[in-house]
Amino acid sequence: MSGAATSGAGSTVRSTSPAVPRWARKSTLVLVIAALALAVFGTTTQTWLTVHLDPSQLGQGVSSQDGLQVQGSKAATTVTALALVALAGGLAASIAGRIARWVITAIIVLAAAGIVAAAATVLADPLAAAQGSIAAATGISGSNVQVGVTAFPVLAVVAGALLGLSALVLVPAGRHWKSRTKYDAAATGSVPDPDRPTDEIDSWDRLSRGDDPT
């Protein structure tokens, strides 16, 4: 239970709010979500599929012995967009209120589910995922092909699943977060506890008020 206690003749107001658990720290949780979203985005810049066509079907774009390299952004086009949505949602959660955090959590979870589903679809049917790139490179749809799958689609599935789980933590963690608006501060009438360790958000608030936290 949070609150504030007054000592002396109303001269000092000491906060009795419990310390925020490490798992619920806003900076940590936002950083984890952002890192996982960027990890998913990063996988889409790598080769997900390697297509080995019949020599009679090879065009100039696939004349290499390494075959046709298909990036994740082409094999699963929605993954890139969903990763960016999750990244934006994670950053927005750091300044959102309680209701907005529920909405953001739902958006990130849905984005994570879409990432997992899209990447899993590539793993289940890599030939279908590569058909667009095959047609773009050769002008024909490859029927006599061998498609190799790299580890990056699997990494996208894992990172997407962890992203969804991390987003679900936003709601319970948000109960430990303090309101940072000037209206909330005026309503509570509390003043910062000089003995309480400051975090990055406290420092930014003090800078906004013209105080030097150093």
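## Overall architecture

Helices and strands are here taken as DSSP runs, numbered from the N terminus, with at least four residues of type H or I for a helix and at least two of type E for a strand. On that basis the chain, read along its sequence, follows the pattern β-β-α-β-β-α-α-α-α-β-α-α-α-α, and its secondary structure comes to 9 helices and 5 strands. The model is a predicted one, and what follows should be read with that in mind.

Of the 214 residues in the chain, 30% are buried. Among the contacts in the chain with a separation of 6 or more, 71% are accounted for by residues 24 or more positions apart.

Which order do the 3 strands of the open sheet have? The order is 4-3-5, and the pairing is antiparallel. The edges are formed by strand 4 (68-71) and strand 5 (145-149), each of which pairs on one side only. Neighbouring strands of this sheet are turned against each other by 25° on average, with direction ignored. Strands of a sheet pair through backbone hydrogen bonds, in either a parallel or an antiparallel sense.

Strand 3 (residues 47-53) is paired with strand 4 in the antiparallel sense over 4 bridges, and 5 bridges join strand 3 to strand 5, again with the two running antiparallel. Residue by residue, Thr 47 has Gln 71 of strand 4 as its bridge partner, Leu 49 stands opposite Val 70 of strand 4, and Thr 50 has Gln 69 as its bridge partner in that strand. Thr 50 also has a bridge partner in strand 5, namely Gly 148.

Is strand 3 largely enclosed or left open by the rest of the structure? Strand 3 is largely enclosed, because 5 of its 7 residues are buried. Strand 4, at one edge of the sheet, has a covered face made of Leu 68 and Val 70 and an uncovered face made of Gln 69 and Gln 71. In a regular strand the side chains alternate between the two faces of the sheet.

## Helix 1 against helix 6

The axes of helix 1 (26-44) and helix 6 (residues 152-168) come within 9 Å and cross at roughly 155°. Angles over 145 degrees count as roughly antiparallel, and helix 1 and helix 6 are therefore roughly antiparallel to each other. Their crossing is left-handed. Helix 1 makes this contact with Leu 29, Val 32, Ile 33, Leu 36, Ala 37, Ala 39, Val 40 and Thr 43, while helix 6 contributes Phe 152, Leu 155, Ala 156, Ala 159, Gly 160, Leu 162, Leu 163, Ser 166 and Ala 167. By class, the contact of helix 1 with helix 6 has 14 nonpolar and 3 polar residues, and no charged residues.

Is Ser 166 buried or exposed? With a relative accessibility of 13%, Ser 166 counts as buried.

## Helix 3 against helix 4

Helix 3 (residues 77-93) and helix 4 (residues 98-124) pack at an angle of about 155°, and their axes are 9 Å apart. The two helices are therefore roughly antiparallel to each other, and the crossing of helix 3 and helix 4 is left-handed. On the side of helix 3 the contact is made by Thr 78, Val 79, Leu 82, Ala 83, Val 85, Ala 86, Gly 89, Gly 90, Ala 92 and Ala 93, and on the side of helix 4 by Arg 101, Ile 104, Ile 107, Ile 108, Ala 111, Gly 114, Ile 115, Ala 118 and Ala 119. By class, the contact of helix 3 with helix 4 has 14 nonpolar, 4 polar and 1 charged residues.

## An exposed loop residue

Where is the place of Ala 19? Ala 19 is found in the loop between strand 2 (12-15) and helix 1, and with a relative accessible area of 70% Ala 19 is exposed. Although Ala 19 and His 176 are 157 residues apart in sequence, they are 8.4 Å apart in space, C-alpha to C-alpha.

How values were computed
Residues numbered from 1 in each chain as written. Predicted model: local features only at pLDDT ≥ 70, side-chain atom pairs only at ≥ 80, totals over all residues. Heavy atoms only, no water. Axes fitted to C-alpha atoms, helices over the stretch in contact; angles between N-to-C directions. Parallel < 35°, antiparallel > 145°, perpendicular 65-115°, else oblique. Left-handed = near helix turned anticlockwise from the far one by under 90°. Contact = heavy atoms within 4.5 Å. Nonpolar A, V, L, I, M, F, W, Y, C, P; charged D, E, K, R; others polar. Pairing = 2+ DSSP bridges. Buried < 20%, exposed > 50% of the residue type's maximum accessible area, 1.4 Å probe, protein only.
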